[in-house]
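Me: I'm new to this structure and would like a close look at one part. Could you walk me through the salt bridges?

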Amino acid sequence: MRVLLVEDDEPVAESLRRGLRRYGFEVEWVTTGAAALAHSAPCDLVLLDLGLPDTDGLDVCRALRRRGDLPIIVISARSDETDRVVGLELGADDYVSKPFGVREVIARIRAVLRRTQPRPPDAGPDRYGSRLTVDRKAARVRVDGAEVALAPKEYDLLAFLTEEPGALMSREQIMEAVWDANWFGPTKTLDVHVAALRRKLAGAITIEAVRGVGFRLETAGGDDGDTRGADTS
Ligand code: CA
């Protein structure tokens, strides 16, 4: 998987490069909008900073989108909500605000790639640890092969948290992804749904609360990673 990183801030770019490589991504790094648009080697996704020295990142986003449907994740230090909205309207697939952790960026990349590169129709359910499987096509969840009935938002929350087991997801990230892209209200409903998942999936997963930040899902037993498309028969 090859990522084109467009970022003029060297420390940020260096830490992203290191982090992405650790997770198996190849990274091509350019520091200007012009270099991003001139870049011709094939890549699978663009990480695009908005504050570039030569052009506005939003213009780069627009130009890249005109050329095709290469996934674009905008990264920006700008706190202005307008940038986020405009970025997404211009065709960016997701938006990450600085400062961010590498795991958060990885989780966003994987989520975007999953959305933009649909899995083959015959792929089976995703297995997490030794007990839990999530069939994303049918929106069905099983523990030890037995189906567990989840409310729609409980399923959405589980589907989001299992996109990157072990990653710390902030409350804001979760609320945006699962409830509403423009959610700024209280997040008590999130705690209620987390409690329901803990109860219904006890023993198969744990959802650790990280005070003041968010939640981290861990799978139970055996391998810690997920084996996508695992045969559950
Ligand atoms: Ca910048």
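Reply: A salt bridge here is a side-chain nitrogen of Lys or Arg within 4 Å of a carboxyl oxygen of Asp or Glu. Keep in mind that this is a predicted model, where local features need pLDDT of at least 70 and side-chain atom pairs count only at pLDDT 80 or more, while totals for chains, interfaces and linings use all residues. Residues are numbered from 1 along each chain as its sequence is written, and side-chain values use heavy atoms, leaving out hydrogens and water.

The structure holds 17 salt bridges. One of them pairs Asp-93 with Arg-65, at 3.1 Å from N to O. Asp-93 sits in the loop between α4 (81-89) and β5 (94-97), and Arg-65 in helix α3 (residues 57-67), so the pair ties together parts 28 residues apart in sequence. Helices (H or I, at least four residues) and strands (E, at least two) are DSSP runs, numbered from the N terminus. Asp-93 is partly exposed, at 21% relative accessibility; buried means under 20% relative accessible area, exposed over 50%, and partly exposed in between (1.4 Å probe, protein chains only).

Next come Asp-191 and Arg-171, whose closest N and O atoms are 2.7 Å apart in their salt bridge. Because Asp-191 belongs to helix α8 and Arg-171 to helix α7, this pair ties together parts 20 residues apart in sequence. Asp-191 is partly exposed at 30%, and Arg-171 is partly exposed too, at 22%.
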